[in-house]
Amino acid sequence: MKPGKVFYPVGTPGIPWGDAERAEWLSRQTRHRSYASEVLDKIEQLRSRFDVEEYGRLEYGDESFPLLAFRSRDWRDDLPVVLVTGGVHGYETSGVHGALQFVDQHAADYAGRVNLLVAPCVSPWAYERIHRWNPNAIDPNRSFRENSPAEESAALLRLVEPIRDRALMHIDLHETTDTDETEFRPALAARDGKRYIPGGIPDGFYLVDDSENPQPQFQQAVIKAVKKVTHIAPADDNGEIIGSPVVARGVIEYPLKQLGLCASITNARYKTTTEVYPDSPRATPEQCNSAQAVAVCAAIDYALAHR
C-alpha cells in the first residue's frame, strides 16, 4: 500500500470537504449501540451513591443526548479536585466503561480525601455510532478552546470552568484502535484534502504527557500500576509511538493546549491521557476497562502523595 494512494469514499482526493461532502459522510453513519441503555442506565444505578448533574444537552436533528457527570457527594472546598473524563472520542469504549468502573468500584475509597468530578461519556452521539467525530465531522479532542466548534467540548469546558484552577489532577481516558488506520486517519486526510500516509498501531497501553509541563514520575507511577493489568506498548523501530518519540517506557508527549486536547482544560499540575489497545490479541475488553480504572486510581494516589 503506497502512501497517499488510499481512497476514502467521500469527496475528491486533495480537495477539502464542503457542506455536500460532510452531508454525504453523515448519511453513511449508522447507530450501532445505545447510549441510554449502556451508559445512562449505569449512571442511574450509581445515582444513590454520588451526585449526578446534567451539564449540557446535545441536540442533533431529532436526537437529544443529556451530558451527565458525577460529583463527590461529600464535596468540600478545602479538598483538592480530581477530574476524570472518558468518551471524548465516542468509539473508544473502555474510556467510557473504565470511567464508570472506577466510579462504581473505587471512587468511594477517595471520599473525604478528594473532590471527584467524572464525565464518563463526553461524546454520546459518537458513542452510538462508534465514531471519532461528532455529526458535523468535527473531532471534539481537537476542539477544547475558546469558542469551540464542538458542542461536546464547549459543554465540558463550561462544566470545568469553576474548578479549572483548583484541579490537582486530570486524567483523560482514550484508546488507540485498528480503526484509527482503517477509517479515522483516512477520513481525516480526506476531510482536510491532504494525503493519507499510513502509520502503525502500537500494541499495548501508553500515556500522553504534556510537553509544556512534563511530569515523568507521575506518568511512570501510572505505567507501573497498569502493567499489572495489561501490557505496555513498546517503541517502534524509530523509537516512537504513533510518530512521537518515546520519552520513557510507554510515554510520549504532546503540547496539549496547543492541540486543543481535553487534557489541557484545567491548570492541574498532573495531567495525562491514557491509550489502551483493545484490538490486541493479548487484551480483553475487561482488561481494557480495568486498565483504565487502575490508571485513574494510580494517578490520584500519586497526585495526593506529591501535592
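Arg28 has a relative accessible area of 45%, so Arg28 is partly exposed (buried is under 20%, exposed over 50%, partly exposed in between, with a 1.4 Å probe and protein chains only). Its salt-bridge partner is Glu24, at 3.4 Å from N to O; a salt bridge here is a side-chain nitrogen of Lys or Arg within 4 Å of a carboxyl oxygen of Asp or Glu. Glu24 counts as partly exposed too, because its relative accessibility is 32%.

This is a predicted model, in which local features need pLDDT of at least 70, side-chain atom pairs count only at pLDDT 80 or more, and totals for chains, interfaces and linings use all residues. Residues are numbered from 1 along each chain as its sequence is written, and side-chain values use heavy atoms, leaving out hydrogens and water.

In one of them, Glu92 pairs with Arg132, with the closest N and O atoms 3.9 Å apart. Glu92 sits in the loop between β3 (81–86) and α3 (93–105) and Arg132 in the loop between α4 (124–129) and α5 (151–160), so the pair ties together parts 40 residues apart in sequence. Helices (H or I, at least four residues) and strands (E, at least two) are DSSP runs, numbered from the N terminus. Both Glu92 and Arg132 are buried.

Arg164 and Asp165 also form a salt bridge, their closest N and O atoms being 3.9 Å apart. Through shared partners, salt bridges join Arg31, Glu63, Glu128 and Arg129 into one network.

## The annotated domain

An unreviewed UniProt entry carries the annotation "domain: Peptidase M14" for residues 31–307; such annotations may be inferred rather than shown by experiment. This span, residues 31–307, is 33% helix and 21% strand.
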